[in-house]
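The following paragraphs lead the reader through one structure, part by part. Please keep the sequence and the 3D view at hand while reading.

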Amino acid sequence: MAAPGARGCSLAGLLPAQTSLEYALLDAVTQEEKDSLVYQYLQKVDGWEQDLSVPEFPEGLEWLNTEEPISVYKDLCGKVVILDFFTYCCINCIHLLPDLHALEHTYSDKDGLLIVGVHSAKFPNEKVLDNIKSAVLRYNITHPVVNDADASLWQELEVSCWPTLVILGPRGNMLFSLIGEGHKDKLFLYTSIALKYYKDRGQIRDNKIEVKLYKDSLPLSPLLFPGKVTVDHVSNRLVIADTGHHRILVVWKNGQIQYSIGGPNPGRKDGVFSESTFNSPQGVAIRNNIIYVADTENHLVRKIDLEAEMVSTVAGIGIQGTDKEGGAQGEEQPISSPWDVVFGTSGSEIQRDDILWIAMAGTHQIWALLLDSGRLPKKNELKKGTCLRFAGSGNEENRNNAYPHKAGFAQPSGLSLAPDEPWSCLFVADSESSTVRTVSLKDGAVKHLVGGERDPMNLFAFGDVDGVGINAKLQHPLGVTWDKKRNLLYVADSYNHKIKVVDPKTKNCSTLAGTGDASNVITSSFTESTFNEPGGLCIGEDGQLLYVADTNNHQIKVMDLETKTISVLPVFIPDSAVVDGPFLVEKPKTLPKLPKSAPNIRLSPVAASPGQTLQFKLRLDLPSGTKLTEGVSSCWFLTAEGNEWLLQGQIPSGEIESISSQPVISLQIPGDCLSLEAVISISVFLYYCSADSNACMMKGIVFSQPLQISSAHQACIAPVELKYGF
């Protein structure tokens, strides 16, 4: 089914009508009033002379969880469809998934509902299909997902934020949009009334959409997306967060499993080991046969007593919290997506391990749980069990500040403690800012160590560059561990598929292991071995061994820091075989697609002769107070629709590294011209960030240059200036 009479498909077209609806809903008291308002809204939108129709999915996109590519106007005709624009690193997108799971349990495709995930990547690593496959498995996404690597649909609809939901009617007509997380009530209200409205009109079809779950094709493995690993320095054991299996493993260092607690399915239950359940656990910390667990998707911190073989909850209430201050007793204090935990000591000079530091990814903060009565820096005496914010305003930023509550983090995901002088700090892997930061244990001051950039609002300053301080670049690091023997910090540079080492004294950051390829090549050499999104790491054997949770390879790798050799820990139950993880290969990247709103400037015709070289000088101006985003490739590229012969032998694309020194683009007219008239298009794609926005702007422009080609020799042509101000 085509989209006859469709008009412009930007989400902005919904804004006036939906804004009026949402204001009216604020005054509605009863559920009947709300239902009636939404029904009336649908009558209005459905009665528009022309549908606000969503574009068809572009051909050639890669799909997951479906037998074949899906068409909006063929397969989804007669369905209410929810498009979930997401990127798998984003904690807000992760927070939205339980709402979508609940909706799928309430309504099926036979009821007329289908959810389609539209993966629109932030980081280059997230454009790779195999990495999206891993995320689909980790987060138990069972609806179809399309890899919109070039953000084609994102640009067509002018989406601006992760996550964004777009609700479609049975003709592919856009009905609602919901931006960000925390809209579960509206999502259910809008969806239920849309299903009723179109069912009343006989427009809902109960045909089944064929789904083929990617997870059904995977071999069994003892580990599934292990997120974190830690060492029990007293006994000869490791603790592994077997995240994908929703369990905690305690293993001997030969790999033999001693305890398996929780799993294989997600849940939230305390009690004896055989009954206890977790939901995508991440960080683990062990002391004296007690393990603390960041039970991430349950929004809890759990306690495992290995002697009593019991699991209990010590922080969180089991639903996502929004409190950014805290101060209640742990089991009464709502928290949000804890990602890592590490022991610390309160004001006493004696090492007591009476604080549990928590990387609270969901609220972009560092929290503390008092395991005994004690004192935090610049705090009064606190009771045992108190759970509260220590550092971070709750704003998603890369902001350093001497006052811990004014600092800003962006999804902190890894912690390590360096308690001794001169360090006396927490190291933080701040994933979404692609930095490593420090938090002083004396006064809470938050400082930069490596990665990122100085603009606290720019969360796109990522890359893979060895260097010093801000000149080093990381890509979504998830783990850190302190080597007190060598006074070095090891970093799981997750999206670069590397392990890096940082000297905090000089701020030098360099690659220790990994080629940067997302694969599973194991050799005796650090530099030739590969990883796939390693998520956590820890030091053992008095600094000799580095254990790495190689998440997407479903393995624990063991790096010998003295012999520089690497091996895989053979996790096993006695007499059972070990199955290695899959081998993943990155696919070549393609040029971005320009936003639909990109202006097209037609230039005056230029006369040229075969063999002559034309030059185009970019003269682009950004808005005041903005700059190009580091680590993201702003670029130009040439196209010549219908006259592709013009591009033979040319340099068809290039990067724009600086606004102050913009490139000159050359085009040599071929000696054999197939036409005397042609148009060459110079397209420009820019990422830039402003001081008052934590999102990167994506803008584009096209300069169309008509060419008039003749055999007569032309005089030297001055460079054509391509001027535009954004």
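How exposed is Asn289, to judge by its relative accessible area? Asn289 is partly exposed, with a relative accessible area of 24%; buried means under 20% relative accessible area, exposed over 50%, and partly exposed in between, with a 1.4 Å probe and protein chains only. The model is a predicted one, in which local features need pLDDT of at least 70 and side-chain atom pairs count only at pLDDT 80 or more, while totals for chains, interfaces and linings use all residues. Residues are numbered from 1 along each chain as its sequence is written, and side-chain values use heavy atoms, with hydrogens and water left out.

Asn289 is found in the loop between β12 (281-287) and β13 (290-295). Helices (H or I, at least four residues) and strands (E, at least two) are DSSP runs, numbered from the N terminus. The phi angle of Asn289 is near 65°, which is a positive value in a residue other than glycine. A positive phi, near 50°, is also found at Asn140, in the loop between α4 and β4. With a relative accessibility of 37%, Asn140 counts as partly exposed.

The helix that Asn140 follows, α4 (residues 129-138), presents another picture. Ten of its ten residues are buried, so α4 is largely enclosed by the rest of the structure. Among the buried residues are Leu129, Ile132, Lys133, Val136 and Arg138. The buried residues of α4 pack against β1 (62-64), β3 (113-119) and β4 (145-147), where contact means heavy atoms within 4.5 Å.

Next come the contacts between helices. Two packed helices are described by the angle between their axes and the distance between the axes. Axes are lines fitted to C-alpha atoms, for helices over the stretch in contact, and angles run from 0 to 180 degrees between N-to-C directions. Helix α2 (residues 31-46) and helix α6 (residues 184-200) have axes that come within 9 Å and cross at roughly 60°. That makes α2 oblique to α6; angles under 35 degrees count as roughly parallel, over 145 as roughly antiparallel, 65 to 115 as roughly perpendicular and the rest as oblique. The crossing of α2 and α6 is right-handed; a crossing is left-handed if the near helix is turned anticlockwise from the far one by less than a right angle, and right-handed if clockwise. On the α2 side the contact includes Lys34, Val38, Tyr39 and Leu42, and on the α6 side it includes Leu189, Ile193, Lys196 and Tyr197. By class, this contact of α2 with α6 has nine nonpolar, two polar and five charged residues; Ala, Val, Leu, Ile, Met, Phe, Trp, Tyr, Cys and Pro count as nonpolar, Asp, Glu, Lys and Arg as charged, and the others, Gly among them, as polar.

Helix α6 also packs with helix α1 (residues 15-27), at an angle of about 110° and with the axes 14 Å apart. The two helices α1 and α6 are therefore roughly perpendicular to each other. The crossing of α1 and α6 is right-handed. Gln18, Leu21, Glu22 and Leu25 in α1 meet Lys186, Leu189 and Tyr190 in α6. The residues of this contact of α1 with α6 divide into four nonpolar, one polar and two charged.

The strands complete the tour. An open sheet of four strands has the order β7-β8-β9-β10, with antiparallel pairing; two strands pair if DSSP finds at least two bridges between them. Its edge strands are β7 and β10 (257-262), each of which pairs on one side only. Strand β7 (residues 228-232) is largely enclosed by the rest of the structure, because five of its five residues are buried. Lys228, Thr230 and Asp232 point one way from β7, and Val229 and Val231 the other way. Five bridges join β7 to the antiparallel strand β8 (residues 237-242), and the two strands form a hairpin with four residues between them. Within this pairing, Val231 has Leu238 in β8 as its bridge partner, and Val229 has Ile240.

Elsewhere, strand β17 (residues 338-344) is mostly covered, with seven of its seven residues buried. Six bridges pair β17 with strand β18 (residues 355-360) in the antiparallel sense, and Asp340 stands opposite Ala359 in β18.
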